[in-house]
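Here is a report on a structure with two chains to compare by eye. Keep the view open while reading.

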Amino acid sequence: MFNFVELVFYIYLFVALYMTSLLVFIWIPNRKRLFYHPNGKPMPVSIIMPCYNEAETISKAIDSLLKLNYPSHMIEIIVVDDKSKDNSVEIVKRYVEKYPGKITLIVNSRNSGGAAEPTNIGIKAAKYDFVAVTDADSAPEPDALIKMIGFLQEDKNVAAVTCAVMASGSRTFMQKLQMIEYSIISWSRKLLDCIDAVYVTPGPFALYRKSVLLDVGLFDTKNLTQDIEIVWRLKSKGYMARMSLGARVYSETPMKFKQWWRQRIRWNIGGTQCIVKYRKYIFKNGMLGGFIIPFFSFSLFLGLFGLGLFLYLFFKRIIFNFLVTRYSIYGGTTILRLQDLSLNPTVLNFFGLVLLIWSFIFIFIGLSIMGMRGKREINTFNVLFYMLVYLSIYPSIMVTSLYKYLRGKYSW
Amino acid sequence: MRMSKHAFWQALVFTIIIFSLGMILGFFLELRQSDRVYANLVNSELNILDEQLRQRIISDSNVSCDLAKESMFNFADKIYEDAVDLEESDETGRITDLGALHKRYDLLRTLLLFEAEKLKQRCMEDFHIITYLYLYNIEDIVLNSKQSYFSRQLFDLKSEYPEDIILIPIAINTDVASVDLLVKSRNLNSYPVIVIDGKNFVTEFSTLDELTNLVFGNTSAP
């Protein structure tokens, strides 16, 4: 009969099946309206671009803002440099000279070590009530802003709007995997929007009401994921965050595993900071306490517990096989018998297979919706690798993040 | 945008249905898988009766030692194969409880042990009875790996000398009264243990050669 470990496996399978099913059940009735956005009327927008050592990408980022399909006189761009060590400031200065009055450069008096402080400086300096925040390594599509602004105009309660963040590079295998990941995350986030559960307005491109940001105290400079924290704070004050799936921004992704690992550690520490900071809202404040905080907390718990259990079983098996092999070599007996390779499938195997197929279908639906099917980088091998290997690294990231968080040793 | 909060319970109902179907399907698949074992469960009744009758026939009638030995070896080999099947099903079975079947086979193997000992006494046959007493379903890795090694060693030995060895593995912790009595009567308290012809006990690691020498004495193996 079931033992404890098997029971845990069943619970994991159930949760995974439930979460994917939840997204599918949200998708079905909304599938024709995923790309809907209220017709926005152009209104003045200040675009804030925090920058630190972005000499390689900042020109492309500013150019993309200059190419936005939006009345030129209604846009001001404020680049806030956080004491870059490279020639980012010189590059921006050239743009300021070329576009006087349209582009402003502010140089922070110190390096703050994060994006929140320069963003806050930019928001305070912004002329307009609608402020967009963008990263200096990201490039929104020309129609991104106009597809987002309608959400703010449609409902006064909406204080933040995010868009689909897509991975721009595909030179390395890591980047190809992130292309899949970013597409699925964007699609899933839109589905969460359908239940008022957008939990982040990612840095690459997001739109806010300045008055509300000032009212809630601007971005938290102590949080490593200020773009998650601000949404939780807005929600805790009764505001809404929405997502415009049709609006896209392309963002640079880490090319190598080490950079990727560091980025994800930062994201996870930021997420943990948010859970701790907003724990009092659990099961309160609508979807923030009813879904977002429990979802984050439960994911963290499942990830940590699952990794612990996996390592325990893995090492138990390794020790067992090591001992048996050592005895067998010593005793001169058969090292491996056919009987030891149990080929009889179990109920757990069938459940696992069903979940794998179900997840595979889910991901392919997501990729199709995001228009990623047919791209060279999106092949079956990459998708399977993403599902079976890439995602399985996350529990290790969680453990490392939690360890760093508990030791208090973390920085941007 | 339509707020899809109904999706929470819809997904829950869907997941429960899929899970229930999965459990039912799994149950039937396991039943199919363990059909062989269940056939053995039915057969085990017959086997026990068969074994008791064979013992009676051998002791009461004038059955030749050769015939008795052949009959017992065939029966023991069959029981051994059933045990291997059972072990495999036990590893993969998640829904069906095979505990009762284990007990029946342990009972049967205990009966077989007594028959083998009687036959060896009566006919002075030169076959060897190897009883392997082990613990069923244990968590201790070191003990488990030791049992696994003993099991492999005995499997190799039996494969090498199929006509000279009768191998009877018995789990001592399946709560079968006769097995408990057997264990107590032989003053055994360290497991796993390989009992060779009721007099030599192997509880520590030995090589296959050492075990072969212990079974066949100092004489070279046949």
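## Ground rules

Two residues are in contact if their C-beta atoms, placed from the backbone, lie within 7 Å. Helices (H or I, at least four residues) and strands (E, at least two) are DSSP runs, numbered from the N terminus. Axes are lines fitted to C-alpha atoms, for helices over the stretch in contact, and angles run from 0 to 180 degrees between N-to-C directions.

This is a predicted model, in which local features need pLDDT of at least 70, side-chain atom pairs count only at pLDDT 80 or more, and totals for chains, interfaces and linings use all residues. Residues are numbered from 1 along each chain as its sequence is written, while chains are lettered from A and ligands numbered from 1 in the order in which they are written.

## Chain A overall

Chain A holds 13 helices and eight strands. Its radius of gyration (taken over C-alpha atoms) is 24 Å. Along the principal axes, the C-alpha atoms of chain A fill a box of roughly 85 × 50 × 45 Å.

Of the 412 residues of chain A, 42% are buried. A residue counts as buried if 20 or more other C-beta atoms lie within 10 Å of its own, exposed if 12 or fewer, and partly exposed in between; C-beta atoms are placed from the backbone. Among contacts in chain A with a separation of 6 or more, 82% join residues 24 or more positions apart.

## The sheet of chain A

Strands of a sheet pair through backbone hydrogen bonds, either parallel or antiparallel. Here, two strands pair if DSSP finds at least two bridges between them. In chain A, eight strands form an open sheet with mixed pairing, in the order β3-β2-β1-β4-β7-β6-β8-β5. The edges are β3 (103-107) and β5 (138-140) of chain A, and each pairs on one side only. Neighbouring strands of this sheet are turned by 30 degrees against each other on average, direction ignored.

Helix α3 (residues 88-98) of chain A packs on this sheet. The helix touches β1 (45-51), β2 (75-81) and β3 of chain A, and its direction makes about 150 degrees with that of β3(A). Elsewhere in the sheet, β6 (residues 158-167) and β8 (residues 240-251) of chain A pair in the parallel sense over nine bridges. A:Met166 stands opposite A:Tyr250 in β8(A).

## The sheet of chain B

Four strands of chain B form an open sheet in the order β2-β1-β3-β4, again with mixed pairing. β2 (165-171) and β4 (200-202) of chain B stand at the edges with a single partner strand each, so one side of each has no neighbour in the sheet. The twist averages 20 degrees from one strand to the next.

Strands β1 (residues 128-134) and β3 (residues 193-196) of chain B run antiparallel and are joined by four bridges. B:Leu133 stands opposite B:Val193 in β3(B). Helix α7 (residues 208-216) of chain B lies across β1, β2, β3 and β4 of chain B, at about 165 degrees to β4(B).

## Helix α5 of chain B

Helix α5 of chain B covers residues 141-160. The expected span of a helix is 1.5 Å times one less than its number of residues. For these 20 residues that gives 28 Å, and the end C-alpha atoms of α5(B) are 28 Å apart, which agrees.

Several residues of α5(B) are buried, including B:Tyr149, B:Phe150, B:Leu154 and B:Leu157. The cover over the buried residues of α5(B) includes α10 (287-331) of chain A, together with β1, β2, β3 and α7 of chain B.

## Where the chains meet

The contact takes 42 residues from chain B and 39 residues from chain A. On the side of chain B that touches chain A, α1 (7-33), α3 (65-92), α5 and α7 of chain B give two or more residues each. The largest share, 15 residues, comes from α1(B).

By class, that side of chain B has 19 nonpolar, 13 polar and ten charged residues. Ala, Val, Leu, Ile, Met, Phe, Trp, Tyr, Cys and Pro count as nonpolar, Asp, Glu, Lys and Arg as charged, and the others, Gly among them, as polar.

## Backbone points to check

Most residues other than glycine have a negative phi, and most peptide bonds are trans. The bond from B:Tyr191 to B:Pro192 is cis, with omega near 0 degrees. B:Pro192 is in the loop between α6 (177-185) and β3 of chain B.

A:Lys83 is not a glycine, yet has a positive phi of about 65 degrees. A:Lys83 sits in the loop between β2 and α3 of chain A. B:Asp197, also not a glycine, has a positive phi of about 50 degrees. B:Asp197 lies in the loop between β3 and β4 of chain B.

Technical notes:
The radius of gyration is taken over C-alpha atoms; the globule rule is 2.2 Å times the number of residues to the power 0.38.
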